[in-house]
Amino acid sequence: MGAGKTTVASLLGEAWGVPVRDTDHDIEATEGRTISDIFVESGEDHFRELEVTAVARAVTEHTGVLALGGGAVMRAETRELLDDVPVVFLRVGLSDAVKRVDLGIGRPLLLGNVRARIKALLDERTPVYESVATHVVDTDGRSPDEVAAEIQELLR
Ligand SMILES: Nc1ncnc2c1ncn2[C@@H]1O[C@H](COP(=O)(O)OP(=O)(O)OP(=O)(O)O)[C@@H](O)[C@H]1O
Ligand SMILES: O=C(O)C1=C[C@@H](O)[C@@H](O)[C@H](O)C1
Ligand SMILES: [Mg+2]
């Protein structure tokens, strides 16, 4: 969270003239409720089920840039769906992530101590992100435009 997936996907879509999708947005549109409400009303496990379906649908229907939710690749089913496509891991360190997530509002997994929650998630997830990624781009201290430019070079 706060790595810039949504922001950078949108910049890449503009640069390449291709459609952009974001599975978090797809889930909110299909459900007619926010991610926060889904977590509170139905729980994280239910959100993860919706997320697998959303990624499967996007991978089938969509050609262009796809931004995932921050926890999507923690599910093996989702990782398998990404086997045949380039996957960019936007790496962010604790301090830049904390600055970017605006107290964690709208990000239910960050409720409580935002810094501690991000640290725990980064520790748990970084090896998985690295294993799924075909490309890794550092985002600390760099603007979204700089990050998007590096990805354009990598995927040229
Ligand atoms: N490289 C960057 N430098 C500074 N701010 C950034 C950068 N990338 C994104 N941001 C800002 O950080 C915030 C979070 O970005 P964004 O929503 O794109 O992250 P995300 O990875 O999609 O998060 P989530 O996993 O919650 O969907 C936004 O306000 C965005 O403008
Ligand atoms: O990192 C996560 O687990 C999440 C990230 C967001 O993109 C949303 O998918 C949701 O807030 C959960
Ligand atoms: Mg996002």
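Predicted model: local features only at pLDDT ≥ 70, side-chain atom pairs only at ≥ 80, totals over all residues.
**Exercise 1. Work out whether Asp-24 is buried or exposed.**

Start with the count: Asp-24 has 22 C-beta neighbours inside 10 Å, so Asp-24 counts as buried. The cut-offs are 20 or more other C-beta atoms within 10 Å for buried, 12 or fewer for exposed, and partly exposed in between, with C-beta atoms placed from the backbone.

Residues are numbered from 1 along each chain as its sequence is written, while chains are lettered from A and ligands numbered from 1 in the order in which they are written.

**Exercise 2. Find which residues UniProt lists for "binding site", and check Arg-48.**

The unreviewed UniProt entry gives Asp-24, Arg-48, Gly-70 and Arg-125; such annotations may be inferred rather than shown by experiment. Now for Arg-48: it belongs to helix α4. With 17 other C-beta atoms within 10 Å, Arg-48 is partly exposed.

**Exercise 3. Decide how α3 and α4 are oriented to each other.**

First, take the geometry: α3 (residues 35-42) and α4 (residues 44-61) pack at about 130°, axes 7 Å apart. Axes are lines fitted to C-alpha atoms over the stretch in contact, and angles run from 0 to 180 degrees between N-to-C directions. Then classify: under 35 degrees is roughly parallel, over 145 roughly antiparallel, 65 to 115 roughly perpendicular and the rest oblique. α3 and α4 are therefore oblique.

Conventions
Helix = DSSP H or I, 4+ residues; strand = E, 2+ residues; numbered from the N terminus.
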